[in-house]
Amino acid sequence: MGAMEDIQKETTDRMQKAIESLKKDLVRIRTGRATPALLDGINVDYYGNPAPINQVANISVPDARMLIVQPWEKSMLHAIEKAIQASNLGLNPQNDGNQIRLPIPPLSEERRKDLFKNCGKIGEENKVAIRNIRRDSNEKLKKAQKDKQITEDQEKKGLDDIQKTTDKFIKSVDEQLALKEKEIMEV
């Protein structure tokens, strides 16, 4: 592969990672629907070491408004309950001595709007990251042309390809935000 192809591949790979990061950020935003992904990122004190909840317990979804956390060791119940309370998700864990039930309350209209604004902010941060990747890639193309690794025509084509890739990924951010907005606004 030549310098131009290397730059294009690196650009696409970096932008794809930005989209994957966006998806992870959006899935953590609580909507009125139960999903095990709500608990992603919450760590439990497991014998002095932090461990993700899904590595110390089974998480199930019996219905759209309930999560059940079944620890593999009963001694972990209190630590899991404490971690969920500290997570700032606004969930009220109910420990029955064997498992933890997590009722997912419906969202108020005001809370939905706040969540949507937060999604927009996350989306804009990802768009900025994608544009920064574009800038870095354009600079690499210009340097490659200056160093005579590629011709002016190749540089022009490369800059055009980078812009098309950027447009594709910006559109993907907008699509992810639209899906999350729909999920948030569902009653």
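**Cores and helix packing in a predicted model**

User: Which residues have the most contacts inside the largest nonpolar core?

Analyst: In this predicted model, the largest nonpolar core has 23 residues, and those with the most contacts inside it are Leu-39, Val-44, Ile-53, Leu-67, Val-69, Ile-80 and Leu-102.

User: Now helix α2. Which of its residues are buried?

Analyst: Helix α2 covers residues 77-86, and its buried residues are Leu-77, Ala-79, Ile-80, Glu-81, Ala-83 and Ile-84.

User: What follows α2?

Analyst: Asn-88 follows α2, and the phi of Asn-88 is positive, near 70 degrees.

User: Let us zoom out. How many helices and strands does the chain have?

Analyst: The chain has four helices and six strands. Along the sequence they are arranged in the pattern α-β-β-β-β-α-β-β-α-α.

User: What is the radius of gyration, and what does the globule rule give?

Analyst: The radius of gyration is 22 Å, whereas the globule rule gives 16 Å for 187 residues, so the chain is more spread out than a compact globule. The C-alpha trace spans about 70 × 40 × 25 Å along the principal axes.

User: What percentage of the residues count as buried?

Analyst: Of the 187 residues, 38% count as buried. As for contacts between residues at least 6 apart in sequence, 64% join residues at least 24 apart.

User: Helix packing next. At what angle do α1 and α3 cross?

Analyst: Helix α1 (residues 3-27) and helix α3 (residues 109-146) cross at roughly 170 degrees, and their axes come within 10 Å. Because angles over 145 degrees count as roughly antiparallel, α1 is roughly antiparallel to α3.

User: Which residues make that contact?

Analyst: On the α1 side they include Met-4, Ile-7, Arg-14, Ala-18 and Leu-26. On the α3 side they include Cys-119, Ile-122, Asn-126, Arg-134 and Leu-141. By class, the contact of α1 with α3 has twelve nonpolar, four polar and six charged residues.

User: How far apart are the axes of α3 and α4?

Analyst: The axes of α3 and helix α4 (residues 152-185) are 10 Å apart, and the two helices pack at an angle of about 170 degrees. α3 and α4 are therefore roughly antiparallel to each other. Their contact divides into 13 nonpolar, nine polar and ten charged residues.

User: Last topic, Lys-157. Where is it found?

Analyst: Lys-157 is in helix α4. Lys-157 has a relative accessible area of 46% and is therefore partly exposed.

User: How far apart are Lys-157 and Glu-5 in sequence and in space?

Analyst: Lys-157 and Glu-5 are 152 residues apart in sequence, and 11 Å apart in space from C-alpha to C-alpha.

Terms used: Residues are numbered from 1 along each chain as its sequence is written. This is a predicted model: local features need pLDDT of at least 70, side-chain atom pairs count only at pLDDT 80 or more; totals for chains, interfaces and linings use all residues. Side-chain values use heavy atoms; hydrogens and water are left out. Buried means under 20% relative accessible area, exposed over 50%, partly exposed in between (1.4 Å probe, protein chains only). A nonpolar core is a set of buried Ala, Val, Leu, Ile, Met, Phe, Trp, Tyr and Cys residues joined through side-chain atoms within 4.5 Å. Axes are lines fitted to C-alpha atoms, for helices over the stretch in contact, and angles run from 0 to 180 degrees between N-to-C directions. Angles under 35 degrees count as roughly parallel, over 145 as roughly antiparallel, 65 to 115 as roughly perpendicular and the rest as oblique. Contact means heavy atoms within 4.5 Å. Ala, Val, Leu, Ile, Met, Phe, Trp, Tyr, Cys and Pro count as nonpolar, Asp, Glu, Lys and Arg as charged, and the others, Gly among them, as polar. The radius of gyration is taken over C-alpha atoms; the globule rule is 2.2 Å times the number of residues to the power 0.38.
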